[in-house]
Amino acid sequence: LRTGRYYDLAPTPQDAVSEELLSLYEADYPWDHKAPRWKAAQVLKLLRQTGAGSPAGRPGGPRSWPCVLEAGCGTGEVLRLVGNGLGARRLWLIGVDWAHAALRQAAEPAQWPGDVVLLRGDVQRLPVAEGAVHLLLAIDLLEHLPDPSEFLHEARRVANEIIIKVPISESPDQYTKPTGHMQFLRADDYRRMLHDTDWQVVGER
């Protein structure tokens, strides 16, 4: 695969997504609402605090991520900013999403910090080999999936470490369901799913 290109590798998972939701992601979804700079800053801060990717787990050490994949990458802004922040000499960035519109925007000329490949596919069936990814990002993704546990199992197959950002509310009365969200989950729900899919939590914010 050539760097900087967008590849359509798989059909949209029609069994899991309604036509209405597909239309939302392809045409009407406000891709620029995600505050990518803030989200990327939180990812980098968590990496520094936990020592992930540093020699002997030493917080603040140099980054060493040859391959970073973002599942549900949208327009790719968070992935690009995280890549810039990692500052690795040789960095492979992979973005996976099923929305043509977002990936087309991500593939527009931009200053990517390393080699980047954008793939259209199902995040619950990631088109990469077992253990190929050093860091996987799932930023505001799980709440959009019909079965977050299935994705976490798949992420465990391909990645060594994962950073997840999700909306959490401890009471349904406090939760306003945005368009496209398929899940209402509390913090303990996510912790249980991570435990059940063999992920060890090393840091929370």
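**Note on the largest pocket and the overall fold**

1. Helix 2 gives the largest share of the lining of the largest pocket, 7 residues. Helices (H or I, at least four residues) and strands (E, at least two) are DSSP runs, numbered from the N terminus. The model is predicted: local features need pLDDT of at least 70 and side-chain atom pairs pLDDT 80 or more, while totals for chains, interfaces and linings use all residues. Residues are numbered from 1 along each chain as its sequence is written, and side-chain values use heavy atoms, without hydrogens and water.

2. The lining comprises 32 residues; Leu46, Ile163, Ile164, Gly203 and Glu204 lie nearest the pocket centre. A pocket here is an open set of points on a 1 Å grid over the protein atoms alone, where a 1.4 Å probe fits, with protein on both sides within 12 Å along at least five of seven lines; lining residues have an atom within 4 Å of a point.

3. At least two lining residues come from each of helix 2 (36-50), strand 5 (133-139), strand 6 (159-165) and helix 6 (187-196).

4. The pocket holds about 870 Å³ of space, the volume being that filled by probe spheres set on the points, which are joined across faces, edges and corners.

5. The protein has 6 helices and 6 strands, in the order β-α-α-β-α-β-α-β-β-α-β-α from the N terminus.

6. Of the 205 residues, 50% count as buried (under 20% relative accessible area, 1.4 Å probe, protein chains only). Among contacts (heavy atoms within 4.5 Å) with a separation of 6 or more, 69% join residues 24 or more positions apart.
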